[in-house]
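Have a look at the sequence and the structure, then try each task before reading its solution.

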Amino acid sequence: MPRKISILGATGSIGQNTIDLIRRAPDAYEVVALTGAGNIAQLAKDAIALKADVAVTAREDLLDDLRDALSGSGVEAAAGAEAITEAASRPADWTMSAIIGAAGLAPGLAALRQGGTLALANKESLVCAGALIMGEAARHGATILPVDSEHSAVFQALVGEDMAAVERVIITASGGAFRDWPLEDLAHATLDQASSHPNWDMGQRITIDSASMFNKAMEVIETREFFGVSPEAIEVLVHPQSMIHALVGFCDGGLMAHVGPADMRHAIGYALHHPARGHLPVERLDLTKIGRFDFTAPDDARWPALRLARDVMAAGGLMGAVFNAAKEVALDGFIDGRLRFTQMAEIVEEVLERRAEEAAQGRDDMTLELVAQADHLARRAAEAAIQKRA
Ligand code: NDP
Ligand code: MG
């Protein structure tokens, strides 16, 4: 029996890598829904090739274009955020959650409510609403498998282990584009410079977030929410080669490290074939050629985002949603030239201070509405903070 699968964010970097894997075994899968936003040509092409039931764009203004591109194919077309959530709630055994940003939260929740498997690349869902996501998964008997490379690595290092024996979880960071830059030059980093990653080929937003370490800051929070470890037990280690993705330290002093190529198809494939291992078309590392692995401690002055993540975890409640929303707006501000690179962290810190009241909310009763409201207010505060600097 083919597995029914859906891919949310199919036109993105993770979505396309997922499609690359399922294309190699077309008879094994029956595609229910593919979703995208602006890239209608890619969405329609893949939906037709994979014989999806439905293709959905987030952009309502592009529905006619999508209909034209799909005409005569038998693939249904739909548009808008609600249509994506509706498509995500159609029965599927396995769903890839790879929309970028907080927009991935509601569709991910809809997929979880079916009780199947959610392969979670959209780390923003866990940062914004970890308690809600994990609670819904438990309530509906759904399985969440991590797709972020560090979290897939931790997950793999934990197979057969008792969480009570885990002392620490170490996630690695390449250091991104500006690891070796003089600190005083960071304020003048350009969009082009921030958009190229030394090791990974990813979407533009996460690449910039890697240079600022906002990506790693989000991943620290993701680690806390996914594995339930305390903030003090989570460490970040700068490892320029990006080959050790994470290490788990146990109470007997042993460390289990996960080593793999910087290719997201490894983590996607692990989630696709779990609990088995699939044969994946990724590079086999030649350690004699690599020769060495380097490690250094992260520098808070270079990457203030890491300190902010600690503040967010200490505050709790809806502060994750505030953090993510402020970060998304600050990133927009950098991309459209309204903010300098180093001002992104300043904006996020200011919004965290202004919206501190959210720490008391959503602690025991997190709902999608509360998260959406915190997100909305934080976006407004971030916009105001950017305006103030203009
Ligand atoms: P991309 O920017 O490459 O792709 C994002 C996807 O989301 C695209 O399909 C895009 O559509 C769609 N999209 C954009 N805006 C919206 C919206 N408002 N509503 C619905 N869909 C939307 O992102 P990535 O693939 O790089 O990242 C996806 C997720 O995976 C993120 O959460 C990221 O943090 C995470 N991740 C990514 C990694 C990577 O290697 N890229 C590694 C680890 C985690 P379109 O392109 O058609 O406009
Ligand atoms: Mg990662």
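**Exercise 1.** What radius of gyration would a compact globule of 390 residues have, and what does the protein have?

*Solution.* Keep in mind that this is a predicted model. Start with the rule: for 390 residues, a compact globule would have a radius of gyration near 21 Å. Next, take the value for the protein, which is 20 Å, so the two agree.

**Exercise 2.** Describe the fold through its elements, burial and contacts.

*Solution.* Begin with the elements: the protein has 16 helices and 11 strands. Turn to burial, where 49% of the 390 residues count as buried. Finish with contacts: of those between residues at least 6 apart in sequence, 67% join residues at least 24 apart.

**Exercise 3.** Which residues come nearest to ligand 1, and which helix gives the most to its shell?

*Solution.* The shell around ligand 1 holds 28 residues, and Gly12, Gly36, Ala37, Ala58 and Gly203 come nearest. Elements giving two or more residues to this shell are helices H1 (13-23), H6 (123-139) and H9 (204-212). H1 gives the most, with three residues.

**Exercise 4.** Characterise the annotated stretch at residues 260-380.

*Solution.* An unreviewed UniProt entry annotates residues 260-380 as "domain: DXP reductoisomerase C-terminal". In the model, this stretch is 56% helix and 0% strand. Its end C-alpha atoms lie 41 Å apart.

Methods: Residues are numbered from 1 along each chain as its sequence is written. Chains are lettered from A and ligands numbered from 1 in the order in which they are written. This is a predicted model: local features need pLDDT of at least 70, side-chain atom pairs count only at pLDDT 80 or more; totals for chains, interfaces and linings use all residues. A residue is near a molecule or strand if its C-beta atom, placed from the backbone, lies within 6 Å of it. Helices (H or I, at least four residues) and strands (E, at least two) are DSSP runs, numbered from the N terminus. UniProt positions are given in the numbering used here, feature names are shortened, and annotations may be inferred rather than shown by experiment. The radius of gyration is taken over C-alpha atoms; the globule rule is 2.2 Å times the number of residues to the power 0.38. A residue is buried if 20 or more other C-beta atoms lie within 10 Å of its own, exposed if 12 or fewer, and partly exposed in between; C-beta atoms are placed from the backbone. Two residues are in contact if their C-beta atoms, placed from the backbone, lie within 7 Å.
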